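Subject: Structure for your study

Dear colleague,

Please find the structure below, together with its sequence. I would be grateful if you would read the notes that follow with the structure open beside them.

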Amino acid sequence: MQLTIQASGKNVKAISYLLAKNPNNLYERKQKGHLVRFFYSKCTDTELDATIFVTPDPLELLQNKSNSYDITHYINDREFAVSSIFTSLIRSALGTALNGLPKEEYAEWVDHRFPFRFEIGPVASALSDQQLKDLFEPMGYEVAISRPEIDYSFHLKDRSSARTLSLSGMQTLQNGLRHLFVLIPVIDNYKHYFIDEKEIEKLERYGEGWLDSHPLRDFIYRQALRFKELYSLVEPAEASSTEAQPVKKVRLNDLRYEKIVELLEGLKPKSVVDFGSGEGKLTAKLGFINGIQEILAVEPSESAALKALERFNKLREKEQFVMPETVWGSLFYFDERLKGKDAIILCEVIEHIDEQRLPKALDTILHDYRPGALVVSTPNREYNEMYDMEDQFRHADHRFEWTRAEFAAWCGERNHQNLYDLEFHGIGEEQALHGHPTQLCIFKRKGALA
Amino acid sequence: MNIGLPHAGIVLLVGPSNSGKSTLMNKLINEGTILPSEVIGSDQFRILVSDKEFIDWSNRPQDEAAGLIDEYAAISEEAFSMMDALIEARCRLNKVSIVDATHLHSDARKRYVALAEKNHVPIISLVFDIPEAELLRRDEQRDFPRGKRRIKQQAQVFNREKRWIKKEGFASVYSIKDTATLEFFRRENPLEKEIGPGIDLIGDIHGCFEELLELLHKLDYRKNEDGLFVHPQGRKFVSVGDIMSRGPASLETMRFFQRHINQELAYMVDSNHGWKIARWLDGRNVVLSHGDEKVEAEFLSFENEAGSEPALQLKGELKEILLQAPSHLVFTANGVPVLVCAHAGIKDEFIGKQSAAVRDFCRYGDTGGFDLQGKPVRKDWTASHTSRTLIVWGHDPKPRPLLVNNTINIDQGAVFGGQLTAYRFPERDFVAVAAKENYAGTAENPLQEWKKNRLNPPNIAKFLNGYSVLTEELGEVKVQQENVKPAIDNVSHFTVPIEQLLYIPPTMSPTPKPSSLDGYLEHPKEAIDYYRSNGIDTLIAEKKHMGSRAVLLLFENPEAALKHTGIDTIGIIHTRTGKRFFDTEVEQQVVRQLISELQEKDYFRKHDTEFVLLDAEIMPWNLKAKQLISAQYAHVAENAILDRSAIKNKLAQAANEDIQPWLSEYEQKLENAQTFRDVFQKYCWEVDSLESIQIAPFHVLAHSKETFFDKPHTWHMEMNREFAEQSELFVATEFKLITDEASEDEMIAWWNEMTEDGHEGIVIKPNSYLARKAGKLLQPAIKVRGRKYLSIIYGMDYLEPENLARLKSRNTGKKQKMALKEFALGLEGITRFLNGESIERVHECVLATLALESDPVDPRL
């Protein structure tokens, strides 16, 4: 991780005073176990070329990290890429220049604009070259980006993911450094980025005079303050508008829940199992069905189950809400607790399971647990045409999507003991040729329920 | 009079003060007939709790007397509760407690009868029936006379009560009029038998008489001139019960056992059918069903042939032998219990005990309610067996002898067309003969039922709160709840189906100690030292392939797959986390290719197997890890080289002379980065067709009829070569055998050469698959990775002296423990699968390994 500061022309030697670094000496300080080093490759009356870099202690960087049981924790780009680690380590070495407080006699140079070329690297960023340019050009830089050549013995990638960023422009040293101190953490795409509230203050201080008028101001803030909570301190008004889902999708989800609730209301179940309840969106709605006494939300993923629990707890006090019980369970195991319930629901669950594994799981449900009714919903593949989808599935984790005929045949096979009557429904806007976006089958056990 | 003291339980003395109870006990102690600790008296406990044996209130004013009476009552209450606790403890330990107190009232006696019943031990009573005059005479001679009034009162109560005692539930009641003429002897525990030259336990025979004779013959029993089957070494055979009913020759089998038991050549324990038939023979009103009616039919035809007199005679004899069958037997070696034989099972606290509850349990097992079809639900009593005594049982037919938690089921359903099993002890091996036919001929066949249910989904309740797996090789392996959860989540979302997930490869530890050499973190020396210091002479060093670990389950044909896993496929390849290795299409191509190669070699027929389970490495690394390599290793290499070359160039431009050390430092660092970049490419190559894939199987884990954990690694390597011959996908693994210093040096040179070339390294193993020292399981394998390879694990600069010094302080303790546990679980799961056990029992092991893997450990080890 390095920053090279180059300038040529008259008076460039003054820059060394602004930096408060003697061109004849090597600068080396230990910062949190890492070496911060500064030297001049050149410092003449007309040419200045200085580099500040960090030689990290790789083992020190590994200390006290939460993900230390992941192998990627030990082999990563933190030792090399410019990042917030870099800016925080070099901050005090460049303090004089950053704060614009050289010795009195050089104060006049603080606001002097030099023809600078700043070079930083390596840059490990998810941003495209153009996005990087868009970040620096508004301040008047000419941006050049280079990548090293790669030559692997087998086809691995098309180009290197390491870049060097070269920024040329007339800037005061202080502003140039401030741009870098704000934008280096922004372009770095590391996920384990440490942020505290001081970060806001820094952003405001270093961003003074340029950040507010930056066309990508919001993006910069969002990136710099990556934790939502922190971001909301700055921008409470639009805190949650980040990931708007396509309107169509949201409506379909609601329609699906509505339909299932409506079907269940007709069945008047006392006990319901929401299998694969995920974050509990449907389960929460079941809690308001009239006459319901017991709801089991079955989910094998702990993180999803915790979110569901949070959702239920918020509703706990609501009138007529029956608190669901979260059950740690799975379709592939036998679970005594699920036997003999009035209804079991598999809402958009089966398509997330390898087709081969399904018959057995359904056998357990239909013939061991023997609910009064089983509700199964899944996408109708035919309808994908309406979404202009070609061969892909609606969700990356879908293992299959079925046509209506495939689904009907499959449901028929599941009922091989003929204990149930099958009833099919469509959910969502119906289309003459392709049917509904979602298809649903309700298995009603003969002689059970009303 | 001869009085037999029971082997355990309670001897209740009954009689007024001065009737001679304590005097007799003291005499018996002095003679050595009983131990002082066997006599428990209320007086003794009064002193222990209150320092007072007796309080005399006879000559005190009324209010003082009242106070003293209260005090005495309080003392008595405490004393009795202490005493009961002691007696109960002794009952649990199968000791004799002789309770010395008056026990004049029925309530006092019944309390002990209940206590004995509760603890499944016998209780007898010795009733001291001494004339009142004599009692009074003796009282006068006491240091602290009880007083005339009290003695008279006691005598009165005694005389009123004594005739009821016989009906209070004692095993026997001895009425003693004169203590001088008494002879005491001690009974042995009728349930205990010394094992002698050995025993052969035989599973449920159910009238399969021909099979029985065949089995005895196989066990080396020979018919003598009296028509008795005797063993040349004097071994005895033991039936786990149910010798009759359902099958063709119940009568003959029962007569056979009657003769052998009477001659003390055989034993037999009580059982559900045995008990039913015994009561029928006893003339009780029982409904004969479940094959018992066949016994009746046999008796009828016997009666028709031999006449009613001999039939009656035979009935009587057989009734005796069945009624006398003990609930269970405890076999001892030099007096120490080593094996328990019980028909349907036993609880630990019942072992060596007798009561109605014990007999019921041993006959029927732990029954808990009834299922939908009205059949009793058999609960799993084996789970609560914690003592180290081996329990051998039958009753519940399993296709193969089932070893669970130090219990062995040897009922292999001979009468249902299965086999008749004998378990030889102390040899601990099985001998079996196949049944000639399915004699029972019923629609309900427990063996078929077992097969049908074998693949039922595992019961989640068994795992939910954490659980233990009892492994043959390492004993109990515990799995914590917090680790089970992510494992079940994993199985629910990502792994191949549970029925196909038979084995998860164990993790492997690097050398327990870091290398003592400078510049090396790992070196073969430390691995050799580890095994040598544990007494292992022959080691094998196998070249470690750098790819991705995989488990291959390949079937001869889809029918075999269906039979063994219930899934119609010819094979599956999964990763060490249980995920499908390839996408379905490529998997099928690879599997088809492998199977056709195996078939060309006539592998399945030659080895008499329907499948082969292989532990292997699949290469190249990028096949599975391309994303990781690109985003992690290549990305880091590119950044490092860019960073370091830029700094190096800048430093080289600087005029400052002091900068030389920085420059040298960065020259070295750049070299490190380049090594790093080069090393990971060693394990990668272009995959443009199936032929680019290499599969190196290093363990043949199982065939459909056997496992190969008893074969040395040289055998596995030989098999490996057989696979690789004329194969497009399988490759052989280079290896070296280490037996002496010369071969050690040769191996180290080999390691140095290959690792300097960038290869990952080697794995050093004891040549035998399982190695132990003083009973303790040793690491099955230790990996020794090369200097260059380790830079992609520990970072490109790990060999810099200050880094290496710190890295050498690593601790492999947890990794080693995990490696052992996962190794034992792997073997256990496969063994269970091969034994035809339920997939739940197999999955228990697989899930445990997955759970252990979710327990964090330094991933660089």
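I begin with chain B. The ends of residues 487-856 of chain B, taken at their C-alpha atoms, are 13 Å apart, and this span is 48% helix and 16% strand. The UniProt record, an unreviewed entry, gives these residues the feature "domain: Polynucleotide kinase-phosphatase ligase". Please bear in mind throughout that this is a predicted model.

**Confidence**

The predictor assigns the complex an ipTM of 0.85 and a pTM of 0.77. Chain B has an average pLDDT of 92, and 99% of its residues score at least 70. For chain A the average is 87, with 90% of the residues at 70 or above. Within chain A, the element with the highest mean pLDDT is strand 6, at 97, whereas helix 9 (residues 228-234) has the lowest, at 51. Residues 236-247 of chain A have a pLDDT below 50, and this stretch makes four contacts in the model beyond its near neighbours in sequence.

**Domains**

Chain A is assigned two parts, domain 1 (2-193) and domain 2 (253-445). Their C-alpha centres are 54 Å apart. Chain B is assigned domain 1 (2-186), domain 2 (198-440) and domain 3 (623-682). In chain B, the C-alpha centres of domain 1 and domain 2 are separated by 43 Å. These two domains touch through five residues of domain 1 and seven residues of domain 2. On the domain 1 side of that contact, two residues are nonpolar, two are polar and one is charged.

**The sheet in chain A**

Chain A contains an open sheet of seven strands in the order 2-3-4-1-5-7-6, with antiparallel pairing. Which strands stand at the edges? They are strand 2 (27-31) and strand 6 (142-146) of chain A; each has a single partner strand, so one side of each has no neighbour in the sheet. On average, neighbouring strands of this sheet are turned by 15° against each other, with direction ignored. As background, strands of a sheet pair through backbone hydrogen bonds.

Helix 6 (residues 173-187) of chain A lies across strand 1 (2-8), strand 5 (114-123) and strand 7 of chain A, and runs at about 20° to strand 5.

**Where the chains meet**

How many residues does the contact between the chains take from each of them? It takes 53 residues from chain A and 51 residues from chain B. Several elements of chain A each supply at least two residues to the side that touches chain B, among them strand 4 (47-55), helix 2 (58-62) and helix 13 (358-369). Strand 3 of chain A contributes the most, with four residues. By class, this side of chain A holds 27 nonpolar, 17 polar and nine charged residues.

**Backbone details**

Most residues other than glycine have a negative phi, and most peptide bonds are trans.

- G121(A) and P122(A) are joined by a cis peptide bond, with omega about -10°; P122(A) is in strand 5 of chain A.
- F425(B) and P426(B) are also joined by a cis peptide bond, with omega about 10°; P426(B) is in the loop between strand 22 (419-425) and strand 23 (429-434) of chain B.
- N334(B) is not a glycine, yet its phi is positive, at about 50°; this residue lies in the loop between strand 14 (328-333) and strand 15 (336-342) of chain B.

Yours sincerely,
A colleague

Note on methods. Residues numbered from 1 in each chain as written. Chains lettered and ligands numbered in written order. Predicted model: local features only at pLDDT ≥ 70, side-chain atom pairs only at ≥ 80, totals over all residues. Domains from an automatic or database assignment. Nonpolar A, V, L, I, M, F, W, Y, C, P; charged D, E, K, R; others polar. UniProt positions renumbered as here; feature names shortened; annotations may be inferred. Pairing = 2+ DSSP bridges. Axes fitted to C-alpha atoms, helices over the stretch in contact; angles between N-to-C directions. pLDDT = per-residue confidence, 0-100.
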